[in-house]
Amino acid sequence: MRIKYCTVIYVQTFMHRLFRFIMADKASYVYNEARRIYPDLAKHVRRTPLEASSFLGENVYLKLESEQITGSFKLRGACNKIFKIINDDPKAKEKGFTTASSGNHAKGCCMALKKIGAKGIIYVASTALKSKVDALKSYGVEVRLHGDDCMEAEVQARTDAQKLGMIYISPYNDIDVICGQATIGLEIYDTLPEVDAVFVPVGGGGLIAGIAAYLKQAKPSIKIIGCQPAASCVMSESIKAGKIIDIPSYDTLSDATAGGIEEGAVTFDFCRSLVDEWVMVSEKEISDAVYLILEKHHKLIEGAAGVSVASFLKTAQAYEGKNVVIISCGANIGMDQLKKIINDHT
């Protein structure tokens, strides 16, 4: 019995070390690839401000991806993936592209497709904000509503891409998309190499995977904090379970991070190995955070960005004296949502 027990411990230790080795190699790839692609990607995306926030605390900074060209960080990953496909095979644009998104990734894809002159079909959950759907239609692409959350829309987009011979662009489950998002980490470290902790909103995990992979390679001591709404915290619960699980997601101001995670998503292992802490926040805390940034900074942010701000506020005491960066991931908030938040606080 003792020999059997020791054998089990040995195998578990070996597998753990192997996993750490594999993930270190993947993180190194993301780091190097982000540095390689950045000069070309920077021609198409905005280097967003890293703005100090005296209202949030001393040495606290907002990385304003909410001021990205499309109003969201998603432009980075979408451009990197689509441009790479076309560079590898110029005829690929004749096939056309599909994707699924609550709006932000789709807007990024639309802009990238417009730059290369390709067509696309965008799949959006029926619960998506009308303002985001209307914005997508303004790019001249076909928009199809399907399912009750982003996971259902993703499945349909993949299925139809196979049927129609089109190319599917995942909003998060793709290493090239992750490398595009990793350029945010590059900009943060380039501007603030003394950064100690970064708060990142999490849905499917593409954003935090890229940022964490880059920053942990640049400075292993940096703490990466994953932030989710309590109403839709599939990734953090999956990390607890040790595998991707299917649990209910409820209505949340953070619609951009809501919904399930694709089975086998590459982002899961990045999150499991690189995220140091998880913070869940309530709808009231998200609302308060959006209003705070609007009132004190005169900046408009969406619910997902409010999640990372609220998560910092909830744990601020633990980071006193530290250089903290909060990812303000987007500004695409619906007018009805914004009106309600303002009315609730006045």
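Residues are classed here as buried under 20% relative accessible area, exposed over 50%, and partly exposed in between (1.4 Å probe, protein chains only). The structure is a predicted model, in which local features need pLDDT of at least 70 and side-chain atom pairs count only at pLDDT 80 or more, whereas totals for chains, interfaces and linings use all residues. Residues are numbered from 1 along each chain as its sequence is written, and side-chain values use heavy atoms, with hydrogens and water left out.

The chain contains 12 helices and 10 strands, where helices (H or I, at least four residues) and strands (E, at least two) are DSSP runs numbered from the N terminus. Its radius of gyration, taken over C-alpha atoms, is 20 Å, close to the 20 Å given by the globule rule for 346 residues, so the chain is as compact as a globular protein of that length; the rule is 2.2 Å times the number of residues to the power 0.38. Along the principal axes, the C-alpha atoms fill a box of roughly 65 × 50 × 40 Å. Of the 346 residues, 57% are buried. With contact defined as heavy atoms within 4.5 Å, residues 24 or more positions apart supply 73% of the contacts that have a separation of 6 or more.

An open sheet of mixed pairing is built from 6 strands in the order β1-β2-β10-β7-β8-β9, two strands being paired if DSSP finds at least two bridges between them. Strands β1 (50–52) and β9 (277–281) each have a single partner strand and stand at the edges, so one side of each is left without a neighbour in the sheet. From one strand to the next, the twist averages 25°, with axes as lines fitted to C-alpha atoms, for helices over the stretch in contact, and angles running from 0 to 180 degrees between N-to-C directions. Within the sheet, β2 (residues 60–64) pairs with β10 (residues 324–328) in the parallel sense over 5 bridges, and K63 has I327 as its bridge partner in β10.

A nonpolar core is a set of buried Ala, Val, Leu, Ile, Met, Phe, Trp, Tyr and Cys residues joined through side-chain atoms within 4.5 Å. The largest such core has 96 residues, and those with the most contacts inside it are L56, I82, F97, V198, V325, I326 and I327. Apart from this core lies another of 9 residues, including A106, C110, A128 and V133. Beyond four places in sequence, I82 touches F97, C109, A112, L113, I116 and I169.

The whole structure holds 0 disulfides, a disulfide being a pair of cysteine sulfur atoms within 2.5 Å. For C110, which is buried at a relative accessible area of 3%, the closest cysteine sulfur, in C109, is 7.1 Å away, too far for a bond. The sulfur of C329 is likewise too far for a bond, at 9.8 Å from the closest cysteine sulfur, in C227; C329 is buried, with 3% relative accessibility.

S236 lies in helix α8 (residues 234–241) and is buried, at 3% relative accessible area. Residues up to four places away in sequence aside, S236 touches Q228, W278 and M280. E152, in helix α5 (residues 150–164), is partly exposed at 37% relative accessibility. E152 and Y123 are 29 residues apart in sequence, with a C-alpha to C-alpha distance of 9.4 Å.
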